[in-house]
Amino acid sequence: MDRIEITGGMPLQGEITISGAKNAALPLMVASLLTDEPLALVNVPDLADIRTLSEILAAHGVTAEIAGETTARTLTLSARQITSTVAHYDLVRKMRASFLVIGPLLARCGEAKVSLPGGCAIGTRPVDLHLNALERLGAQIELEDGYVLASAPQGLKGAEIEFPFVSVGATQNLLMAASLAKGDTILRNAAREPETVDLGQCLIAMGAKIEGLGTSTVKLTGVSRLTGARHTVLPDRIEMGTYAMMVGTAGGQLRLRQTDADLIRSVIPVLTHAGLTVKEAPGEVTVSNGGQHLGVDVTTEPYPGFPTDLQAQFMALMSTCQGKSHITETIFENRFMHVPELGRMGARIAIDGQTATVTGVPKLKGAPVMATDLRASVSLIAAALGAEGTTTVSRVYHLDRGFEKIEDKLSKVGAQIRRIRG
Ligand code: UD1
(Lines give C-alpha, C1' and ligand atoms only; values in the text may rest on other atoms or scores of the structure.)
Protein backbone atom coordinates (compact mmCIF):
# COMPACT_ATOMS: atom_id res chain seq x y z
CA MET A 1 0.00 0.00 0.00
CA ASP A 2 1.27 3.47 -0.88
CA ARG A 3 2.47 5.88 1.79
CA ILE A 4 3.14 9.59 1.67
CA GLU A 5 6.24 11.05 3.25
CA ILE A 6 6.36 14.72 4.22
CA THR A 7 9.24 16.67 5.69
CA GLY A 8 7.87 19.74 7.41
CA GLY A 9 9.17 23.27 7.65
CA MET A 10 8.93 24.42 4.03
CA PRO A 11 6.60 27.41 3.54
CA LEU A 12 4.17 27.16 0.61
CA GLN A 13 4.66 29.76 -2.16
CA GLY A 14 2.91 29.99 -5.51
CA GLU A 15 -0.42 29.11 -7.03
CA ILE A 16 -2.71 26.10 -7.07
CA THR A 17 -5.58 25.48 -9.48
CA ILE A 18 -8.62 24.22 -7.63
CA SER A 19 -10.20 21.12 -9.15
CA GLY A 20 -13.86 20.44 -9.84
CA ALA A 21 -15.75 19.39 -6.73
CA LYS A 22 -15.84 15.66 -6.08
CA ASN A 23 -19.06 16.03 -4.09
CA ALA A 24 -20.74 17.78 -7.00
CA ALA A 25 -19.35 15.49 -9.70
CA LEU A 26 -20.66 12.31 -8.02
CA PRO A 27 -24.38 13.24 -7.91
CA LEU A 28 -24.07 14.86 -11.35
CA MET A 29 -22.77 11.56 -12.74
CA VAL A 30 -25.74 9.74 -11.20
CA ALA A 31 -28.10 12.21 -12.92
CA SER A 32 -27.05 10.65 -16.24
CA LEU A 33 -29.38 7.74 -15.36
CA LEU A 34 -32.36 10.06 -15.79
CA THR A 35 -32.07 10.44 -19.57
CA ASP A 36 -31.37 8.37 -22.67
CA GLU A 37 -29.32 11.24 -24.09
CA PRO A 38 -25.62 11.98 -23.30
CA LEU A 39 -24.76 14.14 -20.29
CA ALA A 40 -21.41 15.94 -20.66
CA LEU A 41 -19.77 17.04 -17.41
CA VAL A 42 -16.88 19.49 -17.72
CA ASN A 43 -14.20 20.02 -15.00
CA VAL A 44 -14.57 16.52 -13.56
CA PRO A 45 -11.66 15.74 -11.22
CA ASP A 46 -9.41 12.74 -11.82
CA LEU A 47 -10.11 10.78 -8.63
CA ALA A 48 -10.58 7.20 -7.45
CA ASP A 49 -14.19 7.93 -6.40
CA ILE A 50 -15.06 9.13 -9.91
CA ARG A 51 -13.64 5.92 -11.41
CA THR A 52 -15.52 3.78 -8.88
CA LEU A 53 -18.80 5.52 -9.64
CA SER A 54 -18.21 5.10 -13.41
CA GLU A 55 -17.89 1.36 -12.71
CA ILE A 56 -21.10 1.37 -10.68
CA LEU A 57 -22.96 3.22 -13.44
CA ALA A 58 -21.55 0.87 -16.09
CA ALA A 59 -23.33 -1.98 -14.31
CA HIS A 60 -26.62 -0.16 -15.11
CA GLY A 61 -25.64 0.22 -18.78
CA VAL A 62 -24.09 3.71 -18.68
CA THR A 63 -21.15 4.28 -21.03
CA ALA A 64 -18.46 6.80 -20.09
CA GLU A 65 -15.95 8.70 -22.21
CA ILE A 66 -13.26 11.04 -20.95
CA ALA A 67 -11.62 13.81 -22.96
CA GLY A 68 -9.45 16.84 -22.17
CA GLU A 69 -7.26 17.80 -19.24
CA THR A 70 -7.65 19.64 -15.90
CA THR A 71 -10.49 22.18 -15.97
CA ALA A 72 -11.49 21.10 -19.51
CA ARG A 73 -11.61 17.43 -18.49
CA THR A 74 -14.99 16.27 -19.75
CA LEU A 75 -16.78 13.09 -18.81
CA THR A 76 -19.61 12.17 -21.15
CA LEU A 77 -22.06 9.66 -19.75
CA SER A 78 -24.71 7.99 -21.82
CA ALA A 79 -27.53 5.88 -20.39
CA ARG A 80 -29.29 5.17 -23.68
CA GLN A 81 -30.69 1.99 -22.17
CA ILE A 82 -30.77 0.94 -18.53
CA THR A 83 -29.60 -2.66 -18.72
CA SER A 84 -29.95 -3.44 -15.01
CA THR A 85 -31.74 -1.81 -12.10
CA VAL A 86 -29.68 -3.72 -9.52
CA ALA A 87 -26.79 -2.09 -7.60
CA HIS A 88 -24.79 -4.86 -5.98
CA TYR A 89 -23.27 -4.81 -2.51
CA ASP A 90 -19.75 -5.31 -3.90
CA LEU A 91 -19.91 -1.94 -5.63
CA VAL A 92 -22.19 0.08 -3.30
CA ARG A 93 -20.10 -0.77 -0.22
CA LYS A 94 -17.13 1.02 -1.81
CA MET A 95 -18.87 4.36 -1.79
CA ARG A 96 -21.88 5.66 0.09
CA ALA A 97 -22.74 8.17 -2.65
CA SER A 98 -23.63 5.28 -4.96
CA PHE A 99 -26.85 4.87 -2.97
CA LEU A 100 -28.02 7.92 -4.95
CA VAL A 101 -28.81 5.66 -7.92
CA ILE A 102 -32.01 4.51 -6.22
CA GLY A 103 -34.00 7.71 -6.91
CA PRO A 104 -33.16 8.03 -10.63
CA LEU A 105 -33.60 4.28 -11.34
CA LEU A 106 -36.96 4.30 -9.63
CA ALA A 107 -38.05 7.43 -11.48
CA ARG A 108 -36.98 6.22 -14.92
CA CYS A 109 -37.58 2.46 -14.70
CA GLY A 110 -40.19 2.12 -11.92
CA GLU A 111 -37.96 -0.25 -9.95
CA ALA A 112 -34.57 -0.53 -8.28
CA LYS A 113 -32.76 -3.02 -6.11
CA VAL A 114 -29.91 -1.31 -4.30
CA SER A 115 -27.68 -2.68 -1.58
CA LEU A 116 -27.77 -0.83 1.73
CA PRO A 117 -24.41 0.89 2.15
CA GLY A 118 -22.43 -1.23 4.59
CA GLY A 119 -25.26 -3.75 4.75
CA CYS A 120 -26.45 -2.82 8.26
CA ALA A 121 -30.02 -2.93 9.47
CA ILE A 122 -32.32 -0.05 8.56
CA GLY A 123 -33.13 2.43 11.29
CA THR A 124 -29.59 2.55 12.52
CA ARG A 125 -28.38 2.95 8.93
CA PRO A 126 -28.39 6.50 7.73
CA VAL A 127 -30.43 6.11 4.55
CA ASP A 128 -33.77 6.28 6.36
CA LEU A 129 -34.36 9.86 5.15
CA HIS A 130 -33.85 8.81 1.53
CA LEU A 131 -36.25 5.88 1.86
CA ASN A 132 -38.96 7.68 3.84
CA ALA A 133 -38.97 10.49 1.29
CA LEU A 134 -39.17 8.09 -1.68
CA GLU A 135 -42.12 6.39 0.05
CA ARG A 136 -43.81 9.79 0.22
CA LEU A 137 -43.45 9.91 -3.60
CA GLY A 138 -45.41 6.65 -3.73
CA ALA A 139 -42.58 4.12 -3.90
CA GLN A 140 -43.02 0.77 -2.22
CA ILE A 141 -39.93 -0.07 -0.22
CA GLU A 142 -38.98 -3.47 1.14
CA LEU A 143 -35.79 -4.71 2.68
CA GLU A 144 -34.44 -8.12 1.82
CA ASP A 145 -31.02 -9.59 2.60
CA GLY A 146 -29.30 -6.23 2.89
CA TYR A 147 -30.94 -4.84 -0.24
CA VAL A 148 -33.59 -2.18 -0.66
CA LEU A 149 -36.25 -3.29 -3.12
CA ALA A 150 -38.05 -0.24 -4.39
CA SER A 151 -40.88 -0.17 -6.88
CA ALA A 152 -43.29 2.33 -8.36
CA PRO A 153 -45.00 0.51 -11.24
CA GLN A 154 -47.35 3.44 -11.93
CA GLY A 155 -44.51 5.98 -11.62
CA LEU A 156 -43.67 8.35 -8.77
CA LYS A 157 -46.13 11.05 -7.67
CA GLY A 158 -45.18 14.49 -6.38
CA ALA A 159 -45.62 15.11 -2.63
CA GLU A 160 -44.76 17.52 0.15
CA ILE A 161 -41.77 16.26 2.11
CA GLU A 162 -40.25 17.76 5.23
CA PHE A 163 -36.85 16.33 6.12
CA PRO A 164 -36.42 15.95 9.92
CA PHE A 165 -32.87 17.31 9.58
CA VAL A 166 -30.67 18.38 6.69
CA SER A 167 -29.26 15.58 4.55
CA VAL A 168 -27.23 16.39 1.47
CA GLY A 169 -27.64 12.92 -0.03
CA ALA A 170 -31.38 12.61 0.67
CA THR A 171 -32.02 16.05 -0.86
CA GLN A 172 -30.04 15.09 -3.97
CA ASN A 173 -31.81 11.74 -4.31
CA LEU A 174 -35.17 13.47 -4.08
CA LEU A 175 -34.26 16.25 -6.52
CA MET A 176 -33.51 13.58 -9.12
CA ALA A 177 -36.52 11.37 -8.36
CA ALA A 178 -39.04 14.23 -8.16
CA SER A 179 -37.82 15.73 -11.47
CA LEU A 180 -39.50 12.80 -13.25
CA ALA A 181 -42.46 12.34 -10.83
CA LYS A 182 -46.02 13.27 -11.80
CA GLY A 183 -47.08 16.64 -10.41
CA ASP A 184 -45.56 18.95 -7.84
CA THR A 185 -43.10 18.19 -5.05
CA ILE A 186 -42.06 20.48 -2.22
CA LEU A 187 -38.90 19.66 -0.26
CA ARG A 188 -38.70 21.41 3.12
CA ASN A 189 -35.53 21.60 5.21
CA ALA A 190 -33.63 20.78 2.02
CA ALA A 191 -29.82 20.89 1.88
CA ARG A 192 -28.45 24.22 0.62
CA GLU A 193 -24.90 23.00 -0.09
CA PRO A 194 -23.46 24.46 -3.34
CA GLU A 195 -22.99 20.92 -4.70
CA THR A 196 -26.75 20.34 -4.33
CA VAL A 197 -27.44 23.63 -6.11
CA ASP A 198 -25.03 22.54 -8.86
CA LEU A 199 -26.97 19.28 -9.28
CA GLY A 200 -30.25 21.22 -9.42
CA GLN A 201 -28.85 23.56 -12.07
CA CYS A 202 -27.74 20.61 -14.19
CA LEU A 203 -31.20 19.06 -13.83
CA ILE A 204 -32.73 22.36 -14.98
CA ALA A 205 -30.42 22.28 -18.03
CA MET A 206 -31.77 18.77 -18.66
CA GLY A 207 -35.33 20.11 -18.66
CA ALA A 208 -36.36 19.79 -15.00
CA LYS A 209 -38.59 22.44 -13.42
CA ILE A 210 -37.08 23.46 -10.09
CA GLU A 211 -37.43 26.62 -7.99
CA GLY A 212 -35.81 27.68 -4.74
CA LEU A 213 -32.41 26.01 -5.17
CA GLY A 214 -30.03 27.19 -2.45
CA THR A 215 -32.90 27.84 -0.03
CA SER A 216 -34.37 25.32 2.40
CA THR A 217 -37.65 25.05 0.45
CA VAL A 218 -37.32 23.65 -3.05
CA LYS A 219 -40.29 23.24 -5.40
CA LEU A 220 -40.31 20.88 -8.35
CA THR A 221 -42.86 20.25 -11.07
CA GLY A 222 -42.30 16.84 -12.59
CA VAL A 223 -41.71 16.47 -16.32
CA SER A 224 -42.23 13.32 -18.39
CA ARG A 225 -38.76 13.28 -19.91
CA LEU A 226 -35.32 14.80 -19.36
CA THR A 227 -32.75 15.43 -22.09
CA GLY A 228 -28.97 15.47 -22.32
CA ALA A 229 -27.00 18.57 -21.35
CA ARG A 230 -23.52 20.00 -20.93
CA HIS A 231 -22.69 21.21 -17.43
CA THR A 232 -19.53 22.51 -15.76
CA VAL A 233 -18.81 21.14 -12.27
CA LEU A 234 -18.31 23.85 -9.67
CA PRO A 235 -14.91 24.27 -7.91
CA ASP A 236 -14.12 22.12 -4.88
CA ARG A 237 -14.65 24.28 -1.79
CA ILE A 238 -13.19 21.59 0.47
CA GLU A 239 -9.99 21.44 -1.56
CA MET A 240 -9.83 25.25 -1.50
CA GLY A 241 -10.37 25.41 2.29
CA THR A 242 -7.80 22.65 2.82
CA TYR A 243 -5.04 24.47 0.92
CA ALA A 244 -5.93 27.70 2.75
CA MET A 245 -5.47 25.89 6.08
CA MET A 246 -2.20 24.40 4.87
CA VAL A 247 -0.89 27.95 4.44
CA GLY A 248 -1.70 28.25 8.13
CA THR A 249 0.22 25.13 9.17
CA ALA A 250 3.18 25.47 6.76
CA GLY A 251 3.43 29.27 6.41
CA GLY A 252 3.86 31.21 3.16
CA GLN A 253 1.32 32.44 0.62
CA LEU A 254 -0.87 30.66 -1.91
CA ARG A 255 -2.96 32.00 -4.75
CA LEU A 256 -5.87 29.60 -5.21
CA ARG A 257 -7.14 29.87 -8.79
CA GLN A 258 -10.25 28.84 -10.77
CA THR A 259 -12.47 29.14 -7.75
CA ASP A 260 -14.87 31.44 -5.93
CA ALA A 261 -14.45 32.93 -2.44
CA ASP A 262 -18.24 32.74 -1.91
CA LEU A 263 -17.93 28.96 -1.63
CA ILE A 264 -16.01 29.32 1.66
CA ARG A 265 -17.79 32.44 2.94
CA SER A 266 -18.26 31.02 6.46
CA VAL A 267 -14.66 29.78 6.61
CA ILE A 268 -12.94 33.06 5.71
CA PRO A 269 -13.74 34.88 9.01
CA VAL A 270 -12.53 31.84 10.95
CA LEU A 271 -9.24 31.93 9.06
CA THR A 272 -8.82 35.67 9.56
CA HIS A 273 -9.60 35.39 13.30
CA ALA A 274 -6.91 32.73 13.44
CA GLY A 275 -4.46 35.28 11.98
CA LEU A 276 -4.36 34.43 8.26
CA THR A 277 -4.86 37.07 5.60
CA VAL A 278 -7.38 36.26 2.89
CA LYS A 279 -7.61 38.46 -0.21
CA GLU A 280 -10.36 37.94 -2.74
CA ALA A 281 -10.35 38.68 -6.46
CA PRO A 282 -12.68 37.46 -9.21
CA GLY A 283 -12.12 33.71 -9.63
CA GLU A 284 -9.37 33.49 -7.02
CA VAL A 285 -8.38 33.80 -3.38
CA THR A 286 -4.93 34.55 -1.98
CA VAL A 287 -4.14 33.30 1.51
CA SER A 288 -1.06 34.43 3.46
CA ASN A 289 0.33 33.57 6.84
CA GLY A 290 1.92 36.23 8.98
CA GLY A 291 3.19 33.87 11.71
CA GLN A 292 1.63 32.60 14.94
CA HIS A 293 -2.12 31.93 14.81
CA LEU A 294 -4.74 32.27 17.50
CA GLY A 295 -7.17 29.70 18.85
CA VAL A 296 -10.69 30.06 17.39
CA ASP A 297 -13.82 28.06 18.29
CA VAL A 298 -15.86 26.49 15.51
CA THR A 299 -18.97 24.36 15.24
CA THR A 300 -19.72 22.36 12.10
CA GLU A 301 -23.13 22.97 10.56
CA PRO A 302 -24.99 22.34 7.32
CA TYR A 303 -24.22 24.95 4.62
CA PRO A 304 -23.83 27.92 4.92
CA GLY A 305 -22.19 27.00 8.25
CA PHE A 306 -18.63 25.75 8.78
CA PRO A 307 -18.33 22.47 6.81
CA THR A 308 -17.72 19.17 8.59
CA ASP A 309 -15.43 18.23 5.69
CA LEU A 310 -12.94 20.92 6.87
CA GLN A 311 -13.13 20.09 10.57
CA ALA A 312 -10.12 17.74 10.66
CA GLN A 313 -7.92 20.12 8.66
CA PHE A 314 -8.90 23.01 10.94
CA MET A 315 -7.97 20.92 13.97
CA ALA A 316 -4.51 20.39 12.46
CA LEU A 317 -4.19 24.16 12.13
CA MET A 318 -5.39 24.75 15.70
CA SER A 319 -2.88 22.19 17.08
CA THR A 320 -0.21 24.88 17.11
CA CYS A 321 -2.44 27.88 17.91
CA GLN A 322 -1.84 30.34 20.71
CA GLY A 323 -4.27 29.40 23.51
CA LYS A 324 -7.18 27.02 23.08
CA SER A 325 -9.72 26.13 20.43
CA HIS A 326 -13.03 24.28 20.90
CA ILE A 327 -14.14 22.36 17.84
CA THR A 328 -17.67 20.96 17.93
CA GLU A 329 -18.82 18.38 15.39
CA THR A 330 -22.60 18.32 14.93
CA ILE A 331 -22.99 16.49 11.60
CA PHE A 332 -21.33 13.12 12.14
CA GLU A 333 -21.16 11.11 15.36
CA ASN A 334 -17.75 9.61 14.88
CA ARG A 335 -15.63 12.16 13.15
CA PHE A 336 -12.69 12.60 15.51
CA MET A 337 -10.68 9.64 14.23
CA HIS A 338 -7.79 11.96 13.34
CA VAL A 339 -7.40 13.02 16.99
CA PRO A 340 -5.21 10.11 18.18
CA GLU A 341 -3.08 10.44 15.03
CA LEU A 342 -2.56 14.18 15.58
CA GLY A 343 -1.74 13.22 19.18
CA ARG A 344 1.07 11.00 17.89
CA MET A 345 2.56 14.15 16.38
CA GLY A 346 2.41 15.95 19.71
CA ALA A 347 -0.96 17.71 19.50
CA ARG A 348 -2.83 18.21 22.78
CA ILE A 349 -6.49 17.43 22.12
CA ALA A 350 -9.12 16.29 24.61
CA ILE A 351 -12.52 15.02 23.45
CA ASP A 352 -15.66 15.48 25.48
CA GLY A 353 -18.73 14.24 23.61
CA GLN A 354 -19.07 16.21 20.39
CA THR A 355 -16.41 18.77 21.31
CA ALA A 356 -12.64 18.57 20.97
CA THR A 357 -10.60 21.04 22.99
CA VAL A 358 -7.28 21.77 21.37
CA THR A 359 -4.55 23.35 23.49
CA GLY A 360 -1.98 24.77 21.11
CA VAL A 361 1.64 23.61 21.32
CA PRO A 362 4.53 25.56 19.76
CA LYS A 363 5.39 22.84 17.18
CA LEU A 364 4.25 19.37 16.15
CA LYS A 365 6.80 16.62 15.51
CA GLY A 366 6.88 14.25 12.53
CA ALA A 367 5.73 10.67 13.24
CA PRO A 368 4.38 7.61 11.44
CA VAL A 369 0.59 8.08 11.26
CA MET A 370 -2.34 6.35 9.63
CA ALA A 371 -5.10 7.85 7.52
CA THR A 372 -8.53 6.75 8.73
CA ASP A 373 -10.78 8.53 6.27
CA LEU A 374 -10.62 11.03 3.46
CA ARG A 375 -10.67 14.31 5.39
CA ALA A 376 -8.69 12.89 8.32
CA SER A 377 -5.89 11.85 5.98
CA VAL A 378 -5.51 15.31 4.52
CA SER A 379 -5.49 16.82 8.02
CA LEU A 380 -2.42 14.69 8.78
CA ILE A 381 -0.70 16.08 5.69
CA ALA A 382 -1.62 19.62 6.79
CA ALA A 383 -0.14 18.92 10.23
CA ALA A 384 2.99 17.31 8.76
CA LEU A 385 3.73 20.32 6.54
CA GLY A 386 4.29 22.45 9.63
CA ALA A 387 5.86 19.77 11.85
CA GLU A 388 9.50 19.33 12.73
CA GLY A 389 11.01 16.33 10.92
CA THR A 390 9.44 13.67 8.75
CA THR A 391 5.92 12.22 8.85
CA THR A 392 4.84 9.10 7.00
CA VAL A 393 1.12 8.79 6.32
CA SER A 394 -0.02 5.26 5.54
CA ARG A 395 -3.34 4.06 4.07
CA VAL A 396 -3.34 6.94 1.62
CA TYR A 397 -5.96 5.29 -0.59
CA HIS A 398 -8.42 7.39 1.40
CA LEU A 399 -6.64 10.48 0.14
CA ASP A 400 -6.73 9.32 -3.47
CA ARG A 401 -10.51 9.12 -3.25
CA GLY A 402 -10.88 12.86 -2.93
CA PHE A 403 -7.81 15.07 -3.50
CA GLU A 404 -6.65 15.36 -7.08
CA LYS A 405 -2.85 15.15 -7.57
CA ILE A 406 -2.19 16.40 -4.06
CA GLU A 407 1.53 15.55 -3.98
CA ASP A 408 2.07 17.27 -7.36
CA LYS A 409 0.12 20.34 -6.34
CA LEU A 410 1.95 20.65 -3.01
CA SER A 411 5.45 19.92 -4.30
CA LYS A 412 5.02 22.57 -7.03
CA VAL A 413 4.48 25.18 -4.31
CA GLY A 414 7.53 24.13 -2.30
CA ALA A 415 6.41 21.31 0.02
CA GLN A 416 8.73 18.38 0.58
CA ILE A 417 6.31 15.57 -0.11
CA ARG A 418 6.64 12.28 -1.97
CA ARG A 419 4.72 9.07 -2.49
CA ILE A 420 6.35 5.80 -1.60
CA ARG A 421 4.78 3.06 -3.72
CA GLY A 422 4.08 -0.45 -2.58
C1 UD1 B 1 -22.35 14.50 1.99
C2 UD1 B 1 -20.92 14.61 1.51
C3 UD1 B 1 -19.95 14.49 2.68
C4 UD1 B 1 -20.30 15.52 3.75
C5 UD1 B 1 -21.76 15.43 4.14
C6 UD1 B 1 -22.19 16.54 5.10
C7 UD1 B 1 -21.01 13.70 -0.73
C8 UD1 B 1 -20.64 12.60 -1.66
N9 UD1 B 1 -20.68 13.54 0.54
O10 UD1 B 1 -22.50 13.21 2.55
O11 UD1 B 1 -18.62 14.71 2.19
O12 UD1 B 1 -19.48 15.30 4.88
O13 UD1 B 1 -22.60 15.53 2.97
O14 UD1 B 1 -21.93 17.79 4.56
O15 UD1 B 1 -21.55 14.72 -1.14
N16 UD1 B 1 -28.27 10.75 7.88
C17 UD1 B 1 -29.25 9.95 8.44
N18 UD1 B 1 -30.18 9.38 7.59
C19 UD1 B 1 -30.16 9.58 6.24
C20 UD1 B 1 -29.17 10.41 5.69
C21 UD1 B 1 -28.22 10.99 6.54
O22 UD1 B 1 -29.28 9.75 9.65
O23 UD1 B 1 -31.02 9.02 5.54
C24 UD1 B 1 -27.26 11.42 8.77
C25 UD1 B 1 -25.82 11.00 8.47
O26 UD1 B 1 -25.45 9.84 9.16
C27 UD1 B 1 -25.06 12.22 8.97
C28 UD1 B 1 -26.01 13.39 8.65
O29 UD1 B 1 -27.29 12.80 8.48
O30 UD1 B 1 -24.89 12.14 10.35
C31 UD1 B 1 -25.64 14.17 7.39
O32 UD1 B 1 -25.52 13.27 6.32
P33 UD1 B 1 -25.73 13.72 4.80
O34 UD1 B 1 -25.91 15.20 4.75
O35 UD1 B 1 -26.78 12.87 4.19
O36 UD1 B 1 -24.30 13.36 4.19
P37 UD1 B 1 -23.96 12.62 2.84
O38 UD1 B 1 -24.89 13.03 1.76
O39 UD1 B 1 -23.78 11.17 3.11
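Predicted model: local features only at pLDDT ≥ 70, side-chain atom pairs only at ≥ 80, totals over all residues.
## Domain layout

The chain is divided into two parts: domain 1 covers residues 3-15 together with 236-420, and domain 2 covers residues 23-232. The C-alpha centres of domain 1 and domain 2 are 31 Å apart. To the contact, domain 1 contributes 14 residues and domain 2 contributes 12 residues.

## Buried area

Between them, domain 1 and domain 2 bury about 1100 Å², and 50% of this area lies on carbon and sulfur atoms. On the domain 1 side, Tyr303, Arg401 and Glu404 account for 46% of the area buried against domain 2, more than any other three residues.

## Polar and charged links

Two salt bridges are found across the interface of domain 1 and domain 2. Five residue pairs are in polar contact between domain 1 and domain 2, counting pairs with both residues at pLDDT 80 or more.

Arg401, one of the three residues named above for buried area, also forms a salt bridge with Asp49 through their side chains, with an N to O distance of 2.9 Å.

## The domain 1 face

Helix α13, which spans residues 397-402, gives the most to the side of domain 1 that touches domain 2, supplying three residues. The residues on this side of domain 1 comprise seven charged, five nonpolar and two polar.

Methods. Residues numbered from 1 in each chain as written. Heavy atoms only, no water. Domains from an automatic or database assignment. Contact = heavy atoms within 4.5 Å. Buried area = accessible area lost by both parts, 1.4 Å probe. Salt bridge = Lys/Arg side-chain N within 4 Å of Asp/Glu carboxyl O. Polar contact = N/O pair within 3.5 Å; in protein donor to acceptor, adjacent residues only side chain to side chain. Helix = DSSP H or I, 4+ residues; strand = E, 2+ residues; numbered from the N terminus. Nonpolar A, V, L, I, M, F, W, Y, C, P; charged D, E, K, R; others polar.
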